[in-house]
Amino acid sequence: GGAVLRPGLLALHEYPAGMLMSIGIAGMMGWPRRWWAVALPVAIALSVRELVLPFVLLALVFAAVEKRWREVAGWAVIVAAWGVFMALHAQEVAAVTRPGDIASQGWHAMQGFSGFLKAVIFTSGLQILPLGLALLLAMLPMVGWLALGGRRGLFAIMLVVGYAVMISAFSRADTFYWGAIVLPWYFAGFALLPRALTQLYGAVRGTGSPLDGAPAPQPA
């Protein structure tokens, strides 16, 4: 998260948007019933960068499945307001667009999972490491996130995997800065690695883990 302290990086919308998303995810993990405490920073993040939209849509779906209709309405209002803002923005852009302007290269680079890992590397402190080691370290937080269980775990896993797929499929090599949208919250997965290793050890031993939400089976 320290990247936002560098003035040269503040021009990249992904960094402040990622910080605001981190606040929202902390709210989803710690205060899931106080949806307004999550919606406010996420709404600000969405106004900064449209790449935050998957978070909003996922939160809306979870609220709908759990029949929390007031929260559904809140997320729907945020999406609607964002849609109006984007429509006005497109109108303003169209007013100054000329036939000879350079066209976008499109958003279907299909870089694969390595594209996601490189996006994380090149927007974080991992870029100073040898590429092989950096790729390994960039993958480990996902392993940590996969160790979570329950409602919070399902939300986090869908969010992490969703952004990995989005960046892998649509970003280009020259838009590696998309990786900053998952920072610093993605790196919180490092803190979950002991949990993942404990669960893995329990699976290999054929016993339950005290961290997997179920009691370990007792020997006969």
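**Exercise 1. Find which residues touch the most other members of the largest nonpolar core, which has 48 residues.**

*Solution.* Start with the term: a nonpolar core is a set of buried Ala, Val, Leu, Ile, Met, Phe, Trp, Tyr and Cys residues joined through side-chain atoms within 4.5 Å. Here, buried means under 20% relative accessible area, exposed over 50%, and partly exposed in between (1.4 Å probe, protein chains only). In this core of 48 residues, F55 and V182 touch the most other members. Next, see who contributes: α1, α2 (35–48), α3, α4 (69–96), α5, α6 and α7 each supply at least two residues. The biggest giver is α7, with eight residues.

Before going on, note that this is a predicted model, where local features need pLDDT of at least 70, side-chain atom pairs count only at pLDDT 80 or more, and totals for chains, interfaces and linings use all residues. Residues are numbered from 1 along each chain as its sequence is written, and side-chain values use heavy atoms, leaving out hydrogens and water.

**Exercise 2. List the residues that V182 touches, not counting those up to four places away in sequence.**

*Solution.* A contact means heavy atoms within 4.5 Å. With that rule, V182 touches F116, V120, Y163 and I167. Now look at Y163 and I167 again: both are among the buried residues of α7.

**Exercise 3. Describe helix α7 and what covers its buried residues.**

*Solution.* Helices (H or I, at least four residues) and strands (E, at least two) are DSSP runs, numbered from the N terminus. Helix α7 covers residues 150–170, 21 residues in all. From first C-alpha to last, α7 reaches 30 Å, close to the 30 Å expected; the expected span is 1.5 Å times one less than the number of residues. The cover over the buried residues of α7 includes α1 (14–30), α3 (53–65), α5 (113–122) and α6 (131–145).

**Exercise 4. Decide whether L136 is buried, partly exposed or exposed.**

*Solution.* First, locate L136: it sits in helix α6. Its relative accessibility is 42%, so L136 counts as partly exposed.

**Exercise 5. Work out how many helices and strands the protein has.**

*Solution.* Count the elements: there are eight helices and zero strands. From the N terminus on, they run α-α-α-α-α-α-α-α. For the overall dimensions, the C-alpha atoms fill a box of roughly 75 × 50 × 30 Å along the principal axes. Finally, buried residues make up 37% of the 220 residues.
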